[in-house]
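The sequence and the model are shown first, and the notes follow by topic.

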Amino acid sequence: MIRIFNDKACYINGRLVPLSDAPQHAPKTGEKPLGMAQRILKKHTISTTEGRYAIRFDELLSHDITYVSIVQTARASGLDRFPMPYSFTNCHNSLCAIGGTINADDHRFGLSAAMKYGGSFVPPNMAVIHQYAREMVAAPGKMVMASDSHTRYGALGCLGVGEGGGELVKQILGKTWDVDEPAIIGIYVHGEPQPGVGPHDVAIAMVTALFPDGWAKNCILEFVGPGIASLPMDFRLGIDVMTTETACLSSVWQTDETVRAYLDTHGRGESYKAISPDEGAVYDKWVDMDLSAIRPMIALPFHPSLGIAIDDFNHDVYDHVDEMEKRAVKLMRDQYKSVPNLKSKIQDGGFYVDQGVVSGCCGGLYGNLATVAEMLRGKSIGCTGRNYSLYPASQPVLQNLLASGAIADMVAAGATIRTAFCGPCFGAGDVPGQNCFSIRHVTRNFANREGSKAAQGQISYVALMDARSITATMLNGGRLTAAGADTPAMPKSYSFDPTIYAKNVYHGFGREQPDIELTRGPNIADWPDMIALPENLLLTVGTALFDKVTTTDDFIASGEPSAFRSNPGKMAEYTLRSKDAGYVARVQAIRELELAREKALADGSDVPQAVADYLAKAGLGAEAAKDTGIGSLVFAIYPGDGSAREQAASCQKVLGGWANIAGSYATKRYRSNCINWGILPLVTCDAVESWDIATGDMVYLPGIRSLLAGSGEEITATVIHDGKAVQRKLSLPGISPEERAILLSGCLINYYK
């Protein structure tokens, strides 16, 4: 059971006590007692402003969906060398199944960039990004940034932060990651997990409790308490990586001898430090996590926070399946040719699934797969038309499974073994069939994230479950089954062969070779030129989205589009395809008007008639073209939940986007991505649900440049809806001086130029 409390709590004698009940604690040093995150942040900040951090990270990581864009952006901004260790892994586009040579070309680019600028290069399928970071990078007291939202190394006492590429570019160029003092949430962990309960069960219960209503949004979670000691390292890592799905900023755990042993095993024992809160440290909110009360869980489509105990689901299976169908219909709108019938999967009172997958940074850990192998030993999943795919998270993990005989047990039982690959988590591997239901030990289960194509009338479903219950289900003919009391315990340790990385990873930090030419395939393209923010903006609503949450997957899908991440123009063709098939053509037409306006200004020629006609729709004369930019915006209730992918913002920009209007933004990282790409993250000053606005409406932002050049945060916009002009207040709350400068420049690239 996980209970949340909105009151402050105090760390006293290893426990969290409500602040109102805590005795006054006199610090020994005379300083204010600090939590673990506060002490780590203060160690890494160069800011002298109270309540504001300017962080320089110890190390950076990117994978093959993000590093090409980051290097290209940094090159355009003056890159000459990497000033800190920076590792490129190849675990997202490593399948090389789409687009011919382009993914392999990206890998060749990555190796040449690592050699030229002094980075490290982990070959394709050798390790998923976060497993490599755990094994070779993360350590107590460090701060690591990676261009992936699941950058969480808190179980090793390390603050991991996932951000879009623009924030990594800032680090590369010697700038800082700037953040206000975050709220800190204490997670008091006690009890021990019951047999059959694995890390994903705890994680799903945690996300279900903490995600709703933005309860943990942009906070840091600190895990303390006696229950931590009962958890093997891989169990902790599996919970920790899922803190991202609470919308928190980062996480950190107390360290102990289990952490020391893990680092010793990986040849990094000297990096161990004891990390714990100061006696008397105060938390803004707190959580009571009783591990013994958590049962095997399932997170139903289409979000990790839709968790329920598997036994409870099975008890009222018809009602829960009916709710799933209603959610599907609401999400589908007119995108699908037929409404699926999930009730057909109910047979003899049970719910039958079509596929099982254990993969990636939360599922493919040794502890999970070794347990799966023990459950499968001497048994068979049978020939039922259901496949069970297992993806070890790194070659060292695979080597251990081979050495122990676990792989043989898995294969003999009918499971298939793959190499280290993140694909099933974002739609590039094991895509289920039409109307199929997949149960997966991966991080996310957003709609269409598993790879189905809404625009082609496709839909399939993913539910999140722990590897133990997935295995129990597969052994029960596909009937949804909770792992039982006879489930073997997770092994507490394993061996590690450092020569795998020593011999096969290129380690280039401090050994940059500036004369090396970057290897550029035909798909690798530079960013298009982008202008500075004009004085005024006249924007068409490219699409208006009224879903409760709009994810980064909705803005730019995973799977097939990922192959084109090195080509901004090609990638942009996929923008919002699953939500609004007409969006790209609609905003491209507006973009053509802006290009015509810019050309007329550059040539000193008359404004084209099409531009004058567009301005006239808002009551503006042709002379307004001199200082009024033309573009598009997206209206959404709560955008940005999910991935750190910067393309959710950059694709809008490439297509002529200048702004978003929202009630609020789901994560800091998405808001930062918008700013770094020159997308104004506007917020409604009144209730967002009260807005009468639709696709195709126009929004005029007079004096937006002057507003950002000064100190103001509010602007009165004119919204033209159904032919009527209405005045609406919009805000840019908490916009910093540097963020103003980036937006004024038009984007981060222009700012550094």
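In what order do the six strands of the open sheet lie? The order is β9-β8-β5-β6-β7-β25, with mixed pairing. The model is predicted: local features need pLDDT of at least 70, side-chain atom pairs count only at pLDDT 80 or more, and totals for chains, interfaces and linings use all residues. Residues are numbered from 1 along each chain as its sequence is written, and side-chain values use heavy atoms, with hydrogens and water left out.

**The open sheet**

- Strands β9 (159-162) and β25 (506-507) are the edge strands, and each pairs on one side only; two strands pair if DSSP finds at least two bridges between them.
- Helices (H or I, at least four residues) and strands (E, at least two) are DSSP runs, numbered from the N terminus.
- Strand β5 (residues 59-62) pairs with strand β6 (residues 86-88) in the parallel sense, over three bridges.
- Within this pair, Leu61 stands opposite Ser87 in β6.
- Helix α4 (residues 129-136) lies across β5, β6, β8 (143-146) and β25, and runs at about 155° to β5.
- Axes are lines fitted to C-alpha atoms, for helices over the stretch in contact, and angles run from 0 to 180 degrees between N-to-C directions.

**Asn93**

- Asn93 lies in the loop between β6 and α3 (102-117).
- Asn93 has a relative accessible area of 6%, so it counts as buried (under 20%, 1.4 Å probe, protein chains only).
- Leaving aside neighbours within four places in sequence, Asn93 is in contact (heavy atoms within 4.5 Å) with residues including Asp64, His107 and Ser562.

**Helices α7 and α8**

- The axes of α7 (residues 233-240) and α8 (residues 257-265) come within 10 Å and cross at roughly 100°.
- That makes α7 roughly perpendicular to α8, a term for angles of 65 to 115 degrees.
- Met233, Arg236 and Leu237 of α7 make the contact with Thr258, Val259 and Tyr262 of α8.

- Strand β33 (residues 714-721) runs antiparallel to β34, and eight bridges join them.
- Ala717 stands opposite Arg728 in β34.
- β33 and β34 form a hairpin with two residues between them, and Asp722 in the turn has a positive phi of about 55°.
- Strand β31 (residues 680-684) pairs with β34 (residues 724-731) in the antiparallel sense, over two bridges.
- Thr684 stands opposite Leu730 in β34.

Note on methods. Parallel < 35°, antiparallel > 145°, perpendicular 65-115°, else oblique. Buried < 20%, exposed > 50% of the residue type's maximum accessible area, 1.4 Å probe, protein only.
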